[in-house]
Amino acid sequence: MRAFACNGRDPSRIVAARLSRILACGSAGAITALVMLAASQAEAARHPRYHAHAHHAAVGFAPALVNESIVIDVETGQVLSQVNADAITYPASLTKMMTLYLTFEALNAGRLRLDQYLPVSYEAASRAPTKLGLRSGESIAVQDLILGLVTRSANDAASVLAEGLAGSEPVFAEHMTRMTRQLGMTSTVYRNASGLPDPDQYTTARDQAQLALALYRDFPREYRYFSTRQFYFRGNIIHNHNHLLDWYEGADGIKTGYIGASGFNLAASAVRSGHRLIGVIMGGPSAGTRDREMAALLDRGFQDVGTGGTTMVAHREVPLPAVAEAEQAPSPPSREKPGIIAKAASRLAARLSPVSKAEAAPLVREQHTQPAGEHWSIQLRAFRAENVAVRAAHAAANLAGAKSKPLQIVEPAKADKERLYRARLLNFTPQEAWSTCIALHKRNIECSVVPPAGLKVANR
């Protein structure tokens, strides 16, 4: 039998010490939180290699160093650094990486479309925050669900995708767990699509790094979603919880996570001088501490592979979330030549411009009520000046062979503080819209396909 990896501390004694400390303070809310934490950790402690986290700032404990981490070289698969990388812990919202993996797989297999609208069940709408605030009975586009997971880490969006792909979330979780074995994730079990607390849902830092690598390797086209910094959804601007995108040189994804029993988790990818690293941290005491530790780990990794550089320093801490994922000079070692798959992925990803801003599709209640025919459109980037938006749209139309298509400029919404103008090309069939947008992507021009809807916009 293998001993628990608890840094020499017994999990039950850790929980007991926490309870005693809080009882002395007389806080009923904190007592309730710790009782729940004790139950979940007692269950998790039954797993081999369980790793206790004794540093949760949610109940006022002093910060501690990150407990588990790993950094890998994407080109060679070499592990550049690791600490407790095989210790069992909770994935929190890193779970959504597997939800997205299965979603991308379905898209590529033709079982799902980005423009497809999926119904929102009562169960999905009732998921705890963070969420998009979806309402039972409405429908939402698959692309918006993807963006909701990537930016806000929306738990309701994760459930909608799970139910749309498998009929129910428990069945989808079984598919998730089966996929872990295919990807070589030997110490991961999923029980839901979001990462909301479940004592039987567990993973390791090594497994999450393997999953992040698989997303990059298997879906280089869809991987660009992880670099989305802003998502315009129903009049609101949703910012990505992964703040490493804002200040770390070369960062382009991929996912954050938090629940009280795991601490602050992060899977991150960054590329410098054409060389990509993936890092995973589990159990950070705060979002800011986790992010700075990840930056330091990646810096050391880039130095090891001979592509060092400078980073900017984060100047603010991200507030502690209340519920699951509220995030809100030694000589370089010799390297093996990159494999064929890694080379192909790198070439394809290089042709795809990163997504900095995205806009949701129009609200559609019933998919079958959408008009057919040439009423689809292609939305291009957002611009601060209307005349710039018009010129950019004309240029895109010329490049894509769509000169005959009418142009439309969507004026800034009242809630849009940035006052951005959005350019669209109109009157496509669904097939024309998708093929034109793909052609624009190949020329590094951002675009998205918009299904028909009656938006009030200024026509040109």
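Which residue in strand 9 does Arg 272 stand opposite? In this predicted model, the residue opposite Arg 272 is His 275. The two strands concerned are strand 8, covering residues 263-272, and strand 9, covering residues 275-284; they run antiparallel and are joined by eight bridges.

An open sheet is built from five strands in the order 2-1-9-8-7, with antiparallel pairing. Strand 2 (79-83) and strand 7 (251-259) are the edge strands; each has a single partner, so one side of each has no neighbour in the sheet. On average, neighbouring strands here are turned by 5° against each other, direction ignored.

The protein chain as a whole has 460 residues, and 54% of them count as buried. It contains 13 helices and 15 strands. Its accessible surface comes to about 20,000 Å², with 54% of that belonging to carbon and sulfur atoms.

Salt bridges are a further feature to follow, and 13 of them are found in the whole structure. One of these joins the side chains of Asp 86 and Arg 206, at 2.7 Å from N to O. The pair links distant parts of the chain, 120 residues apart: Asp 86 sits in the loop between strand 2 and helix 3 (95-109), and Arg 206 in helix 8 (residues 205-218). Asp 86 is partly exposed because its relative accessible area is 33%, and Arg 206 is partly exposed at 27%.

Another salt bridge lies between the side chains of Asp 252 and Arg 276, at 2.9 Å from N to O. Asp 252 is in strand 7 and Arg 276 in strand 9, so this pair ties together parts that are 24 residues apart in sequence. Asp 252 is buried, with a relative accessible area of 16%, and Arg 276 is buried at 9%.

Elsewhere, Arg 135, Glu 138 and Arg 234 are linked in a network of salt bridges.

A last stop is Gln 379, which is placed in strand 11 (residues 376-383). Gln 379 has a relative accessible area of 5%, so it counts as buried. Its side chain makes a polar contact of 2.6 Å with the side chain of Arg 424.

Key:
Residues numbered from 1 in each chain as written. Predicted model: local features only at pLDDT ≥ 70, side-chain atom pairs only at ≥ 80, totals over all residues. Heavy atoms only, no water. Pairing = 2+ DSSP bridges. Helix = DSSP H or I, 4+ residues; strand = E, 2+ residues; numbered from the N terminus. Axes fitted to C-alpha atoms, helices over the stretch in contact; angles between N-to-C directions. Buried < 20%, exposed > 50% of the residue type's maximum accessible area, 1.4 Å probe, protein only. Polar contact = N/O pair within 3.5 Å; in protein donor to acceptor, adjacent residues only side chain to side chain. Areas by Shrake-Rupley, 256 points an atom, 1.4 Å probe, with all protein chains shown as cover. Salt bridge = Lys/Arg side-chain N within 4 Å of Asp/Glu carboxyl O.
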